[in-house]
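Hi everyone, thanks for coming. Please take a look at the sequence and the model on the screen while I talk you through them.

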Amino acid sequence: MSFYRERLPEGGLRSLDEVGSLPFTTKEDFRANYPFGLFAVPREEVVRLHMSSGTTGRPVVTGYTRHDLELWAECMVRVMEYAGVTSRDVVQNAYGYGLFTGGMGLHLGAEAVGATVVPTSSGVTQRQVMLMRDLGTTVLCCTPSYALVLAEALRGLEGREGVRLRVGIFGAEPWSDGLRGQIQTHLGLEAFDIYGLTELGGPGVAAECSRHEGLHIFEDHFYAEVVDPDTGTPLQEGRPGELVLTSLRREASPVLRYRTRDRTVLTSEPCACGSPYRRFLRVQGRTDDMLVVRGENVFPSQFEELLAGFAGFNGQYILVVDRQAHSLDTLEVRLEADTADEQRLEQEIRDRIRDSIGLTVTAKVLRPGVLPRSEGKAKRVVDHREAVGTP
Ligand SMILES: [Zn+2]
């Protein structure tokens, strides 16, 4: 319980402007203080734990008091309202239930607005499609990667006949507007982006409204800054940088100035929806996901956006980065597409990437169904460079 006490000034803060002078909290702080070192209440007051395993190291643990769960529900209700979900809706929640915050978080919100919740959790795709039809699902909640998988399954099974989807609430990974277009077309719904992270208690930090021009940050619960990712200096609004979040009301796991690693831009331009909350533009990518190829910084979402413009592309792709000993990095874009002329498509993709991203790559068109599908967050980058050692 001493972690934050040591970081806060004697007597506390007098205004939110003083937040910018406090030290940052990082993922490493969560790992180093695993499991309860960052908690601010006695364990007896904690009624729920969630965590994200990540791929390496110790899990990130977050806790909730009874009051925290009420606050979480309040935020998740707002997420639902921004997407126009009401008690008339049937919400199929295909986010994973369990330690992951996604399943239980969306469940809280959907139930609180009075919708009929179908807690399918992720996976068992054929059953998801069956229930979607049988129960008259109108709202689908899952990762955008899994939405793509469901769209594909639907196409294989009599198409959208008898499907009543109208809204999709998708988050937990960065996704491009190109992918949004594909998901909307194939599932026949309006897709809403949501934002949250385990360190801040899960989804319900920010959400898109019906204008789809950035995500409104729920500023009565979270204080947002954008900082220079290299120096940590707070940036003026409108300048791109790393999103830093401070929780204002959480009791069990409050967080001071969390370095999210997400790249975005903040704006206080009023939104036509009338929301009082500032927006950040859709997350371009995580600093962790950023690829450095031959000295160029690129995000998988840039490739995704570009590929989505090609007819026949079904949304499934991976980026394979390699380096031969003593030679330059190579990047191959492997994608699934339905096309009569693979070589021509490969050439077009190579040209388009060179012209708009500025990288020389190779492209490999694969038959639909070859690449592994994801029920949660998709793995879009395969980096073989570590194997041969980095200079
Ligand atoms: Zn708005």
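I will start with the whole chain, then go to the domains, the cores, the sheet and a few single residues.

Residues are numbered from 1 along each chain as its sequence is written. This is a predicted model, in which local features need pLDDT of at least 70 and side-chain atom pairs count only at pLDDT 80 or more, while totals for chains, interfaces and linings use all residues.

Let's take the overall view. The protein has nine helices and 21 strands; here helices (H or I, at least four residues) and strands (E, at least two) are DSSP runs, numbered from the N terminus. Its radius of gyration is 21 Å, close to the 21 Å that the globule rule gives for 391 residues, so the protein is as compact as a globular protein of that length. That radius is taken over C-alpha atoms, and the globule rule is 2.2 Å times the number of residues to the power 0.38. Along the principal axes, the C-alpha atoms fill a box of roughly 70 × 55 × 40 Å.

How much of the protein is buried? Buried residues make up 42% of the 391 residues. A residue is called buried if 20 or more other C-beta atoms lie within 10 Å of its own, exposed if 12 or fewer, and partly exposed in between, with C-beta atoms placed from the backbone.

Now the domains. The domain assignment, which is automatic or from a database, gives domain 1 (63-287) and domain 2 (290-388). The C-alpha centres of domain 1 and domain 2 are 26 Å apart. Their contact takes 22 residues from domain 1 and 17 residues from domain 2, where contact is defined as C-beta atoms, placed from the backbone, within 7 Å. On the domain 1 side, helix 6 (144-156) and helix 7 (177-187) each supply at least two of the touching residues. The residues on that side divide into seven nonpolar, twelve polar and three charged.

On to the inside. The largest nonpolar core has 71 residues, and those with the most contacts inside it are Val79, Leu140, Cys141, Ala147, Ile169 and Leu245. Apart from that core lies another, of 19 residues, including Leu291, Phe299, Phe303 and Ala337. A nonpolar core here is a set of buried Ala, Val, Leu, Ile, Met, Phe, Trp, Tyr and Cys residues joined through C-beta atoms within 7 Å.

Phe303 also brings us to helix 8, where it is one of the buried residues. Six of the eight residues of helix 8 (residues 300-307) are buried, so this helix is largely enclosed by the rest of the structure. Its buried residues pack against several elements, among them helix 7, strand 18 (313-323) and helix 9 (342-356).

Nine strands form an open sheet in the order 4-3-5-6-7-8-9-14-13, with mixed pairing. Strand 4 (116-118) and strand 13 (266-267) stand at the edges with a single partner strand each, so one side of each has no neighbour in the sheet. Strands count as paired if DSSP finds at least two bridges between them.

Please find strand 8. Seven of its seven residues are buried, so strand 8 is largely enclosed by the rest of the structure. Strand 7 (residues 190-197) pairs with strand 8 in the antiparallel sense over four bridges, and tyrosine 195 has alanine 206 as its bridge partner. On the other pairing, strand 8 (residues 202-208) and strand 9 (residues 215-217) are antiparallel over three bridges. There, alanine 207 is bridged to histidine 216.

Finally, two glutamates. Is glutamate 237 buried or exposed? It has 12 C-beta neighbours inside 10 Å, so glutamate 237 counts as exposed. Glutamate 237 lies in the loop between strand 10 and strand 11 (241-247), and touches Leu266, Thr267 and Ser268, not counting residues up to four places away in sequence. Glutamate 225 is in strand 10 (residues 222-227); with 18 C-beta neighbours inside 10 Å, glutamate 225 counts as partly exposed.

That is my tour, and I am happy to go back to any part of it.

Technical notes. Two residues are in contact if their C-beta atoms, placed from the backbone, lie within 7 Å. Ala, Val, Leu, Ile, Met, Phe, Trp, Tyr, Cys and Pro count as nonpolar, Asp, Glu, Lys and Arg as charged, and the others, Gly among them, as polar.
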